[in-house]
Amino acid sequence: MDERDELSYLLARTALRDQKAFALLYERTSAKLFGVCLRILKTPSDAEEVLQEAYIKIWQNAGRYDTQVARPITWLATIARNQSLDRLRTRKLPAVEIKEGFDVPDPGPTPEQSAVLTADVVRLEACLSELDVAHATAIRRAYLDGWTYQQIADGLKVPLNTVKTWLRRSLMKLGDCLRR
Amino acid sequence: MTDENGQFDDDDRWLAAEYALGVLDAKERTRAETLIGQDAAFAADVHAWETRLGPMLDAVPPQKVPARVWKSIEAELHGPAHSENSGLWSSLTFWRWISFGTGTLAAAAIAGLVVLSSGADLLRPIERAPLVATLNADGAVPAFVVQFDSTRGELLVRASTGDKTEVRVPELWVIPADGKPRSLGVLPAAEPNADVGTSRIVVPDTLRNEMRAGGTLAISLEPAGGSPTGAPTGPVIASGKMLAL
């Protein structure tokens with residue numbers, strides 16, 4: 001079976017409280033989820049703790065996964081990401097160092113990073129590429145690195161409300177494009 | 001899931017997208033998370049945005065995880081005693097051999113082994129093997145996982161969320177090759193706010209032969225006590241095919 005089917009299967013078994021399936025699910029997916037936690041939190045000790053919290057959530061909520069909506073790895077990584085953002089927003093340390101500007105656009109996944117470009121990635125990338133480059137970059141920075149509106153505003157040296165307005169407009173365009 | 005006309009009309013609609021994008025501060029995130037628990041439409045909107053943006057995570061490379069993380073997870077979920085009690089049964093290699101081995105013996109030896117989602121082409125008919133189906137409501141979050149134990153003739157049904165309509169009860173059906181649904185019984189309505197409920201249904205002798213791979217299980221909403229006609233009368237809220245391994 002392919003990865004999607006295998007992970008869906010392991011999630012279904014996990015929903016039935018199958019500890020071995022859960023162990024295998026962890027073995028298959030934890031490196032990916034740890035990558036997501038580390039990318040947002042930067043500090044390994046925080047990322048480890050949050051990864052642990054994420055898998056407890058996955059154990060508790062596996063029955064909510066719907067095979068017809070998202071790929072299982074996306075669903076799992078989203079849980080790790082939400083957990084990381086909650087930690088990022090509440091910890092005392094300065095959240096993200098903003099050293100990169102907006103001049104260099106983030107190119108999105110390279111073939112090396114993403115062995116198989118699935119249809120949903122291709123579609124999202126196509127829709128992001130329809131946006132203004134700075135706006136698409138801001139969306140990636142927010143989504144992948146956990147930047148807040150305020151941090152984006154600081155990075156771009158524009159007022160907060162301006163950032164909100166054009167980011168919302170970009171989200172609307174993105175949503176429209178993805179529904180086409 | 002999304003309202004084409006009104007989606008961006010109010011702040012909470014933006015809140016859903018902004019929560020999924022991750023630009024909110026701690027206070028706003030907490031507000032959004034409270035709403036997710038209280039407002040199903042809001043939660044669905046967040047979920048839709050998470051699904052749209054989620055593919056961006058493909059670009060994030062995996063990182064090696066220290067072994068202590070799994071030990072902590074195991075200890076937290078099953079208590080420290082469990083993680084010490086390892087040996088063959090909890091060995092990953094052993095488990096993998098069993099679950100993905102092709103031998104009939106391996107598959108038959110394990111009760112309650114096996115698989116999954118509707119629509120997947122994983123049919124592997126092995127006589128008397130346990131059956132599992134996940135029943136997805138149409139694009140929505142609630143799902144039922146149904147497991148059939150052929151030796152006991154019992155169905156184990158787990159529901160993620162109960163329907164809030166008081167007078168309707170979920171009724172489980174098996175639909176064999178002839179396409180005529182046969183009732184397997186009424187599921188006890190889930191407690192309000194109960195996250196997960198498990199029901200046990202004894203499959204009538206006359207229907208045990210219908211519990212086979214390729215057959216469909218479905219859940220419809222019926223008046224209290226079950227369908228008055230013997231066929232589904234209410235909306236089908238979930239369905240899925242039975243698969244065997």
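Mentor: A residue is called buried when its relative accessible area is under 20%, exposed when it is over 50%, and partly exposed in between (1.4 Å probe, protein chains only). The structure above is a predicted model, in which local features need pLDDT of at least 70 and side-chain atom pairs count only at pLDDT 80 or more, whereas totals for chains, interfaces and linings use all residues. Residues are numbered from 1 along each chain as its sequence is written, chains are lettered from A and ligands numbered from 1 in the order in which they are written, and side-chain values use heavy atoms, with hydrogens and water left out.

Trainee: Which word applies to Cys37(A), buried or exposed, and why?

Mentor: The relative accessible area of Cys37(A) is 0%, so Cys37(A) is buried.

Trainee: What makes Cys127(A) and Cys177(A) a disulfide?

Mentor: A disulfide is a pair of cysteine sulfur atoms within 2.5 Å. The sulfur atoms of Cys127(A) and Cys177(A) are 1.9 Å apart, so the pair meets that limit. A search of the whole structure finds one disulfide over all chains.

Trainee: Why is this disulfide called left-handed?

Mentor: The torsion about the S-S bond of Cys127(A) and Cys177(A) is about -80 degrees, and the disulfide is therefore left-handed. The pair links distant parts of the chain, 50 residues apart: Cys127(A) belongs to helix 5 (residues 119-128) of chain A and Cys177(A) to helix 8 (residues 160-179) of chain A. Helices (H or I, at least four residues) and strands (E, at least two) are DSSP runs, numbered from the N terminus. With relative accessible areas of 4% for Cys127(A) and 8% for Cys177(A), both cysteines are buried.

Trainee: How is the packing of helix 1 and helix 2 of chain A described?

Mentor: Two packed helices are described by the angle between their axes and the distance between the axes. Axes are lines fitted to C-alpha atoms, for helices over the stretch in contact, and angles run from 0 to 180 degrees between N-to-C directions. Helix 1 (residues 3-15) and helix 2 (residues 19-41) of chain A pack at about 145 degrees, with their axes 8 Å apart.

Trainee: Which residues meet in this packing?

Mentor: Among them are Leu7(A) and Leu10(A) in helix 1 of chain A, and Phe22(A) and Leu25(A) in helix 2 of chain A; contact means heavy atoms within 4.5 Å.

Trainee: What makes a set of residues a nonpolar core?

Mentor: The set must consist of buried Ala, Val, Leu, Ile, Met, Phe, Trp, Tyr and Cys residues joined through side-chain atoms within 4.5 Å. The largest nonpolar core here has 71 residues, and Leu33(A), Leu51(A) and Leu21(B) are among those with the most contacts inside it. Helix 2 of chain A gives the largest share of this core, 13 residues. Apart from that core lies another, of 11 residues, including Leu187(B) and Met242(B).
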